Amino acid sequence: QVLLVESGGGLVQAHGSLRLSCTVSGRSLSTFVMGWFRQRPGKEREFVASITRSGDTTYYEESEKDRLTISRDNAANTVYLQIDSLNPADTAVYYCAAGYAFKLHPSPDEYDYWGQGTQVTVSS
């Protein structure tokens with residue numbers, strides 16, 4: 001009965017910014033460590049960012065960290081991912097994930113629930 005729904009994707013121009021949202025229903029958001037992943041066509045899903053239950057600690061893919069901000073609003077049961085300085089390489093399906101694991105950075109198989117994904121397309 002836990003459901004994750006992403007929103008905020010779409011077609012955006014390079015050099016712009018985008019904020020994705022993921023709303024969790026069925027359980028309080030504070031139950032979970034939360035993560036964001038992306039998947040480019042024909043490629044494996046890859047880690048983007050994660051955040052602890054209280055939101056006091058974040059973790060980012062190293063090469064992208066200066067462009068990323070993950071945050072959460074537990075009262076609203078929503079986690080966010082902001083991507084700045086978008087470029088065409090950011091084009092992908094973005095997924096949020098929720099996990100019971102008590103880790104800052106679980107591996108993908110340690111997440112328990114996944115959203116359906118939201119498409120982000122960055123044009124030049």
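The model is a predicted one, in which local features need pLDDT of at least 70, side-chain atom pairs count only at pLDDT 80 or more, and totals for chains, interfaces and linings use all residues. Residues are numbered from 1 along each chain as its sequence is written, and side-chain values use heavy atoms, with hydrogens and water left out.

Strand 4 (residues 33-39) and strand 5 (residues 46-51) are antiparallel and are connected by five bridges. On strand 9 (residues 92-99), strand 4 has a further antiparallel partner, to which seven bridges join it, and in this pairing Arg 38 is placed opposite Tyr 94 of strand 9. Six of the seven residues in strand 4 are buried, so that this strand is largely enclosed by the rest of the structure, where buried denotes under 20% relative accessible area, exposed over 50%, and partly exposed the range in between, computed with a 1.4 Å probe on protein chains only. Strand 5 is likewise largely enclosed by the rest of the structure, because five of its six residues are buried.

The hairpin of strand 4 and strand 5 has six residues between the strands, and within this hairpin Gly 42 adopts a positive phi near 75 degrees. Gly 42 belongs to the loop between the two strands and is exposed, with a relative accessible area of 88%. Strand 5 is also joined to strand 6 (residues 58-60), in this case by three bridges and in the antiparallel sense, with Ser 50 opposite Tyr 59 of strand 6. The hairpin formed by strand 5 and strand 6 again has six residues between the strands, and Gly 55 takes a positive phi near 85 degrees there. Between the C-alpha atoms of Gly 42 and Asp 56, which are 14 residues apart along the chain, the separation is 35 Å.

With a disulfide taken as a pair of cysteine sulfur atoms within 2.5 Å, the count comes to one. This disulfide joins Cys 22 to Cys 96, with an S to S distance of 1.9 Å, and the torsion about its S-S bond is about 50 degrees, so the disulfide is right-handed. Cys 22 lies in strand 3 (residues 18-25) and Cys 96 in strand 9, and the pair therefore ties together parts that are 74 residues apart in sequence. Cys 22 counts as buried at 0% relative accessibility, and Cys 96 counts as buried at 0% relative accessibility.

A pair of aromatic rings is described by the distance of the centres and the angle of the planes. Rings of Phe, Tyr and Trp (its six-membered ring) pair if their centres lie within 6.5 Å, and planes under 30 degrees apart count as stacked, over 60 as edge-to-face and the rest as tilted. A search of the whole structure finds eight aromatic pairs. In one of them, the ring centres of Phe 37 and Trp 114 are 4.9 Å apart and the planes lie at 55 degrees, so the pair is tilted; this pair links distant parts of the chain, with Phe 37 in strand 4 and Trp 114 in strand 10 (residues 113-114), 77 residues apart. Phe 37 is buried at a relative accessible area of 1%, whereas Trp 114 is partly exposed at 28% relative accessibility. Phe 47 and Tyr 59 make a tilted pair as well, at 5.8 Å centre to centre and 50 degrees between the planes, and they connect strand 5 with strand 6 across 12 residues of the chain. Of these two residues, Phe 47 is buried at 16% relative accessibility, and Tyr 59 is partly exposed with a relative accessible area of 36%. One aromatic cluster is formed by Phe 37, Phe 47, Tyr 59, Tyr 111 and Trp 114.

Charged side chains also sit over rings, a contact assigned if NZ of Lys or CZ of Arg is within 6 Å of the ring centre and within 35 degrees of the ring normal. Arg 45 lies over the face of Trp 114, at 4.8 Å from the ring centre, while Arg 53 lies over the face of Phe 102, at 4.0 Å from the ring centre.

Notes. Helix = DSSP H or I, 4+ residues; strand = E, 2+ residues; numbered from the N terminus. Pairing = 2+ DSSP bridges.
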